[in-house]
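Me: I would like to learn how to read a few features of a protein model, one at a time. Could you take me through them slowly, giving the general idea before the case at hand?

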Amino acid sequence: MEKRVQLEMRTMKPDQIEELILDNCRSTTIVGLTDDFVNLETLSLINVGLTSLKGFPKLPNLKKLELSDNRISGGLNLLHTSPKLSHLNLSGNKIASLEALEPLKEFKNLKSLDLFNNEATQISNYRELIFDLIPSLKFLDGFDAEDREAEDSEGEDDEVNGNEEDSEECDDEDEEGLEDEEEEDLDEDDEVGLDAVYKDNLEEESDGDDYDGEAGEEEDDDVLDDEEEDGEDGAEDGAEADGAEDEEEAEGAAEEASQTRGKKRKHEGEEVN
């Protein structure tokens, strides 16, 4: 146990230690703990193998003491050097009589006592007798004198409550972190969605431009076709007009020639006469 005490202390001094967990270290008596642990508030000695509390130090600020699953049968008077003790767990020990519990009546601050799996719990009217023995006691084996179960806040010391609050705060922070992550994911999805819409619009505009270009080319082709047809029609009309003019000129020339021949014949006739 002494080595375990040193290991748990690490580099801290005894008067800086407020909580000391020595569970499962093997020893039949208390060794390694001294009166120097003046600020110790929580001490756990679960399943150590203790047969007595011999060597228990003076711990003036001790509030919670865990001694479950040992082989303690008496000697609880050795705890009187810890007058602030409010929570004591002696479940799973060898306490067989009420006489062994008599020293506990001197603890004016003792509020919670656990005696599960001790022979003393088989005594008739055990609960009533214990509540009568320890006037300050509020909860015995997790229930009050009227068999109402202890609330969590009643069964834990201030430090444990502080840890629970810290845990709740951590849970709240985790939830806020998740909400922030979800919001970020939503923002990213919105951005992706906007990019997709913008891309689709660009593709539609591009398709529209291609369509307009094709339509323009088709219109240009139609205009060219119309112009070529007009040109052919104009050429035909021009040819017809030229043909008509040639015919008129030919007819005029024929008429002139006919008149000239008529005049010549008349002149010849006059000469003969």
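Me: Which residue forms a salt bridge with Glu146, and how far apart are the closest N and O atoms?

Reply: A salt bridge is counted when a side-chain nitrogen of Lys or Arg lies within 4 Å of a carboxyl oxygen of Asp or Glu. Here Arg148 forms one with Glu146, the closest N and O atoms being 3.3 Å apart, and Arg148 forms another with Asp144, where that distance is 2.9 Å. Through these shared partners, Asp144, Glu146 and Arg148 are joined into one network. Please keep in mind that this is a predicted model, in which local features need pLDDT of at least 70 and side-chain atom pairs count only at pLDDT 80 or more, while totals for chains, interfaces and linings use all residues. Residues are numbered from 1 along each chain as its sequence is written, and side-chain values use heavy atoms, with hydrogens and water left out.

Me: Is Asp144 buried or exposed?

Reply: A residue is called buried under 20% relative accessible area, exposed over 50%, and partly exposed in between, using a 1.4 Å probe and protein chains only. Asp144 counts as buried because its relative accessibility is 11%, whereas Glu146, at 57%, counts as exposed.

Me: How many salt bridges does a search of the whole structure find?

Reply: The search finds 5, and one of them links Lys105 to Glu102, with the closest N and O atoms 3.3 Å apart. Lys105, at 36% relative accessibility, is partly exposed, and Glu102, at 32%, is also partly exposed.

Me: In what order do the strands form the sheet?

Reply: Strands of a sheet pair through backbone hydrogen bonds, either parallel or antiparallel. Strands (E, at least two residues) and helices (H or I, at least four) are DSSP runs numbered from the N terminus, and two strands pair if DSSP finds at least two bridges between them. In this model 6 strands form an open sheet in the order S1-S2-S3-S4-S5-S6, with parallel pairing. Strand S1 (19-21) and strand S6 (139-140) stand at the edges with a single partner strand each, so one side of each has no neighbour in the sheet. Strand S4 (residues 87-89) is joined to strand S5 (residues 112-114) by 3 bridges, and Leu88 has Leu113 as its bridge partner in S5.

Me: Which residues have the most contacts inside the largest nonpolar core?

Reply: A nonpolar core is a set of buried Ala, Val, Leu, Ile, Met, Phe, Trp, Tyr and Cys residues joined through side-chain atoms within 4.5 Å. The largest one here has 44 residues, and Leu43, Leu88 and Leu113 have the most contacts inside it.
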